[in-house]
Amino acid sequence: MPKGKYYQDFSILEKRELCPNTYYFKVNAPLLAKKIQAGQFIIIRPNYDSERMPLSIAGWDREKGYLEIVIMAAGRTSTEATQKNVGDRFQDVVGPLGQRSHVAKYEGACVVLGGGYGTGAVIPTARDLRALGNKVYGVVGARTKDLLILVDELKAVCDEVFVTTNDGSAGIEGFVTHALEQIMAREKVSMALAVGPVPMMMAVAKMTEGKGVETWVSLNAIMVDGTGMCGACRVTVGGKTRFACYHGPDFNAHQVDFNELIKRQRMFVEQEKIAFEAMQR
Ligand SMILES: Cc1cc2nc3c(=O)[nH]c(=O)nc-3n(C[C@H](O)[C@H](O)[C@H](O)COP(=O)(O)OP(=O)(O)OC[C@H]3O[C@@H](n4cnc5c(N)ncnc54)[C@H](O)[C@@H]3O)c2cc1C
Ligand code: FES
């Protein structure tokens with residue numbers, strides 16, 4: 001590919017395996033690192049012929065000009081991305097996209113809850129909430145101990161971090177909502193942010209509903225352009241059509257039509273399977 005006037009070198013500066021199929025990447029992206037805010041996201045194409053893949057931001061360094069991302073190999077494009085190594089480049093990276101997370105000084109505590117790659121996504125928001133003087137709890141959940149990621153990184157930006165595992169191999173046995181329940185039982189919680197699989201975000205929304213907890217979820221709708229032009233990421237929030245890429249990705253959890261989101265996330269399952277199988281041939 002010819003290098004045009006605005007060519008940027010999205011080199012991979014560091015790569016670490018966090019757990020099976022999930023990797024941390026530090027990527028050179030000086031212009032993005034200058035502007036990105038907590039809660040915003042990027043879209044990458046790992047290779048020239050790859051599809052576009054939205055990714056949350058787990059951190060950045062404005063001076064050194066890099067972004068930190070976490071990629072879980074879920075299908076063809078994410079596998080292409082996780083096959084890259086230090087010194088390789090992502091073909092292109094677009095952003096910052098979406099709105100920054102809502103942060104304010106709250107009367108009660110704030111709780112950020114992460115599942116899977118969502119743990120990376122809540123770290124910058126936790127840092128912003130704490131910088132405003134809030135008491136911030138972090139909760140990281142996984143099926144089992146070996147799948148827990150970024151616990152120390154979350155500890156660095158929270159007052160206290162709870163770990164939950166479904167099988168009880170580490171921390172509290174159960175789901176992130178069990179930790180949230182314990183925190184809510186011991187003190188007033190004013191705000192919660194959950195980022196992770198849809199069932200986890202739904203469970204958090206259900207637990208805080210009617211309890212005076214402003215609750216946000218980051219919606220991982222299928223996206224194409226990421227700028228509000230194509231309509232692919234359409235979601236319904238409070239009875240209104242919203243584009244997750246432009247109006248979100250964070251939305252009021254108590255107003256999200258999660259069933260519609262789940263249905264739309266599964267729209268291309270057959271094609272995704274075919275694409276992944278073709279890649280492995
Ligand atoms: C705002 C946002 C932030 C995200 N942050 C991260 C992150 O930090 N780390 C991470 O690993 N993943 C993240 N994802 C999910 C990631 O974009 C998808 O896993 C990836 O696009 C799947 O593509 P694939 O070809 O590997 O898998 P496929 O086999 O094509 O898809 C697997 C599943 O991923 C979802 N998906 C597929 N294509 C897209 C798409 N274009 N946009 C959104 N979801 C899609 C669908 O539910 C699909 O069933 C995020 C998604 C969104 C919308
Ligand atoms: S991805 Fe096209 S409108 Fe959101």
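Which residues does Thr164 touch, not counting residues up to four places away in sequence? I note first that this is a predicted model. I listed the contacts of Thr164: Val139, Val140, Gly141, Ala142, Leu148, Ala170, Ile172, Gly174, Phe175, Val176 and Ala179.

Next I placed the residue. Thr164 sits in strand S10, which covers residues 160-165. Thr164 has 0% relative accessibility, so I count it as buried. I also looked at its side chain. A polar atom there lies 3.5 Å from the backbone nitrogen of Val176.

I moved on to ligand 1. I found 20 residues around it, and Pro54, Val70, Met72, Ser78 and Met223 come nearest. By type, the shell holds 11 nonpolar, six polar and three charged residues.

Which elements supply at least two residues each of the shell around ligand 1? I found strand S4 (53-56), strand S6 (66-72) and helix H2 (76-82). S4 gives the largest share, four residues.

Then I went through backbone atoms. A backbone N or O atom of Val70 lies 2.7 Å from a nitrogen atom of ligand 1. For Gly75, a backbone N or O atom is 3.2 Å from an oxygen atom of the ligand. For Arg76, the distance from a backbone N or O atom to a ligand oxygen atom is 3.5 Å. I noted the cover too: the protein hides 88% of the 850 Å² of accessible area that ligand 1 has on its own.

Last, I asked where ligand 1 lies relative to the domains. Domain 1 (12-97) and domain 2 (109-265) both give residues to its shell, so ligand 1 lies between them.

Notes. Residues numbered from 1 in each chain as written. Chains lettered and ligands numbered in written order. Predicted model: local features only at pLDDT ≥ 70, side-chain atom pairs only at ≥ 80, totals over all residues. Heavy atoms only, no water. Near = heavy atom within 4 Å. Polar contact = N/O pair within 3.5 Å; in protein donor to acceptor, adjacent residues only side chain to side chain. Areas by Shrake-Rupley, 256 points an atom, 1.4 Å probe, with all protein chains shown as cover. Nonpolar A, V, L, I, M, F, W, Y, C, P; charged D, E, K, R; others polar. Domains from an automatic or database assignment. Buried < 20%, exposed > 50% of the residue type's maximum accessible area, 1.4 Å probe, protein only. Contact = heavy atoms within 4.5 Å.
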